[in-house]
Amino acid sequence: MLFRGVGLGLLAFALPALTSANNDNDGGAPTMTTGRRRLSESDTARRMARAHRLLQEPEDFSLTLQDFKNYLDSDVDAEFGFDAEAAAEVIEAAVQRWVQYAEWEYGLAVEAEEAYYAGAENMEKSDIMYAYLVCATDPDGSAEPRSAFGRKLAVYEYIVSNLDDLSPEARADMQDDAHMKNATDALETVYNGELLTCVFGRFRASVIALINDMAETAVIPLNSPLKIRKGVVAEILLSAYPQLGEDVDDMDDEDGSNLEANSTLGANPNATDGSLEVVLCAGVTQTELTRLGDKVKAFMTRKAPNGKSYASQIGPYANLTDAELDDMAYPARIKLWRKAFELGIDNPNGGCDDFISRVTSTVVGNQTSEGESAVVRLSLQESEGEVTTEADVACTLGLVMGVSLLPQVCSVEVTHEVQTMHNSEAQWLVQGGTKSGNIINPTTTRPFWDVGVNGTGQVVAISDSGIDVDHCYFWDSEVGMNPNGGDDMARREGIP
């Protein structure tokens, strides 16, 4: 997902987790402890009754499609068939799809929370923490606008004040200054204006129903169309059909019947070009991180009661026939997903079994503290046997959708290797040099380097949130980079 006018890097698109403490009556506040204790039956009933009320009236989700488009940018137009210049009935149909997707995603969250309280096997607390977009403004009559921190704190305090099933110990813990700071840090600010702050956070369904009732907030579940970064589907299609060029949008508008191409995933798991980059939500445990590859494969191969893949059967339109999709004039993107599933994970001739067996996962960024996120790269190994290329691109699309359905995943995108082949050109350009000769044997001048000005012995001052000590400009291959060094000009180090 791309944010208008906000220069954020990859990790800024990760969703923070509001994970819970070592008991189940803390409202979902983050601590460093682990464990599990059940709520009482009465407390569970109260919590889930609140969630079911919202599930029965999904149009009560207070963050609208237009609200989302005002501040954020993803493929919602293609996914929901939204066109601001279209007829009123087309816009209304897109809004209804927005509500249907919210209802479907929230239904999964409610079902997961109920199963967890009932003692379902193989469920961890992270499995019931789904991602949401929460936007908060200031109360009417406020003397002056609050900061992003003030708005996040107001949401947190509202939770603490209105969860009537908190134990006295849990309430005291949640009102502790350090605890409140951890909770607000775990809400990632993705938009901040004078009158509005929007954050990504992970909550239990029962808690999000409570937040949705807060007068100064607007809420929507972060479902698959919002997790898949803008342009991912088009880029996969363009990689599969390079001859399309700028006409790739026309293919995206078709029903996907001509999905016949090679996969877009890179063959080398250590290469970045063409891999899928998966950003996990902040707060996902290190154990879950190491199990992500197996989790993805299991999710892709899991079968629904009708024998088709679970990933293709849990969407809000899974039960519609092709004729119904046509009669109801659903967006072409929905039909494209349907065709990708038919050619890929639902294909009776082995589905994506070979494809999935070749998917490898590589951790390329570890979370190091509360509020930070881990990044995993999914790549495709070469097959030792015969590969059905017709299905590979369909399986790639199925993998994108399957990964986005995991509650622990917050962002999926296609990533490419940064090309540095033009560094030699940049050298003489930034030094005000000249270039002569021909393309085969060019002659360039580098005035700074010619007089010995090459950065040796220089100290660079940085006034920012920090530097990446593993960056090639700072890393010392012999002794590493000392972030708290002194003034040894013979090595690379940080000077505090």
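Mentor: We'll take the sheet, then a helix, then a pocket.
Mentor: Keep in mind that this is a predicted model.
Trainee: OK. What is the strand order in the open sheet of four strands?
Mentor: The order is β2-β3-β1-β4. The pairing is antiparallel.
Trainee: Which strands stand at the edges?
Mentor: β2 (188-192) and β4 (217-221). Each has a single partner strand, so one side of each is left without a neighbour in the sheet.
Trainee: And the twist from one strand to the next, what does that average?
Mentor: It averages 25 degrees.
Trainee: How many bridges join β1 to β3?
Mentor: Seven. β1 covers residues 130-136 and β3 covers residues 197-203.
Trainee: What stands opposite alanine 131 in β3?
Mentor: Arginine 202.
Trainee: Switching to helices. Which strands does α4 lie across?
Mentor: Helix α4, residues 88-117, lies across β1 and β4. It runs at about 125 degrees to β1.
Trainee: Now the second largest pocket. What volume does it have?
Mentor: About 630 Å³. The lining has 20 residues, and the closest to the pocket's centre are Asp127, Tyr130, Phe299, Arg302 and Tyr310.
Trainee: Which elements give two or more residues to that lining?
Mentor: α4 and α13 (292-301).
Trainee: How many of the lining residues are nonpolar, polar and charged?
Mentor: 12 nonpolar, two polar and six charged.
Trainee: And which domains does the lining draw on?
Mentor: Domain 1 (59-223) and domain 2 (227-250 + 272-415). Each gives at least three residues.

Terms used. Residues numbered from 1 in each chain as written. Predicted model: local features only at pLDDT ≥ 70, side-chain atom pairs only at ≥ 80, totals over all residues. Heavy atoms only, no water. Pairing = 2+ DSSP bridges. Axes fitted to C-alpha atoms, helices over the stretch in contact; angles between N-to-C directions. Contact = heavy atoms within 4.5 Å. 1 Å grid on protein atoms, 1.4 Å probe; cavity = no way out; pocket = protein on both sides within 12 Å on 5 of 7 lines; lining within 4 Å. Points joined across faces, edges and corners; volume = space filled by probe spheres on them. Nonpolar A, V, L, I, M, F, W, Y, C, P; charged D, E, K, R; others polar. Domains from an automatic or database assignment.
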